[in-house]
Amino acid sequence: MISLHDRIMGCIVGGAIGDYIGSPLEGRVGPIEVHIPKQSMLTDDTQLTLATCEAIMHGGGLEPEAIAHSFVDWFSKRRVSGMGSSTLKALRDLSIGGHWALAGARGERAAGNGAAMRIAPLS
């Protein structure tokens, strides 16, 4: 039987691998031929997923304030790269004391799939 720890690690690592392989294809219209790129990188989605894990592990639990604090910590230490405008705005808002529920851009095209990726450690 696979342990809970191994399942969690598999979920996080699997998401990071998908992010690594898919990052050069982000925003492209299909159909897309998928192959493992020679040059790729982890995006801000995986970086903030790891920041979410860190917040949970350091006793913040599933509290949005603790997760937002971890995001600001990563942002201020320049551990987040490749951000889109919505993520950058949210992190800037949070870093100057904005409330986590109000930070970031608004509207239909204001966000990508980062929130979907960051849900894995919460589940």
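**Figure 1. Contacts and overall build of the chain.** Residues 24 or more positions apart account for 48% of the contacts in the chain with a separation of 6 or more, where a contact means heavy atoms within 4.5 Å. This is a predicted model, in which local features need pLDDT of at least 70 and side-chain atom pairs count only at pLDDT 80 or more, while totals for chains, interfaces and linings use all residues. Residues are numbered from 1 along each chain as its sequence is written, and side-chain values use heavy atoms, with hydrogens and water left out. You will find five helices and zero strands here, in the order α-α-α-α-α along the sequence; helices (H or I, at least four residues) and strands (E, at least two) are DSSP runs, numbered from the N terminus. The C-alpha atoms fill a box of roughly 45 × 40 × 25 Å along the principal axes.

**Figure 2. Helix H2 and its cover.** Helix H2 takes in residues 44–60 and spans only 21 Å between its end C-alpha atoms, whereas a straight helix of 17 residues would span 24 Å at 1.5 Å a residue. That expected span is 1.5 Å times one less than the number of residues. Among the buried residues of H2 are Leu48, Ala51, Cys53, Ala55 and Gly60; buried means under 20% relative accessible area, exposed over 50%, and partly exposed in between (1.4 Å probe, protein chains only). Their cover includes helix H1 (4–22), helix H3 (64–76), helix H4 (85–95) and helix H5 (114–118). Just after H2, Gly61 takes a positive phi of about 60°.

**Figure 3. Glu63, between H2 and H3.** Follow the chain to the loop between H2 and H3, and there is Glu63. This glutamate counts as partly exposed, at 46% relative accessibility. Glu63 and Leu122 are 59 residues apart along the chain, yet 9.9 Å separates their C-alpha atoms.

Figure 4. Arg78 lies in the loop between H3 and H4 and is exposed, with a relative accessible area of 76%. Its phi is near 60°, a positive value in a residue other than glycine. Most residues other than glycine have a negative phi. For Arg79, look at the side chain: its charged end sits over the ring of Trp74, 3.7 Å from the ring centre. A charge counts as sitting over a ring if NZ of Lys or CZ of Arg is within 6 Å of the ring centre and within 35 degrees of the ring normal.

**Figure 5. Asp93 in helix H4.** Asp93 belongs to helix H4 and counts as buried at 18% relative accessibility. Leaving aside residues up to four places away in sequence, Asp93 touches Gly98, Leu102, Ala103 and Gly104.

**Figure 6. Ala101, between H4 and H5.** The loop between H4 and H5 holds Ala101, which is partly exposed at 46% relative accessibility.
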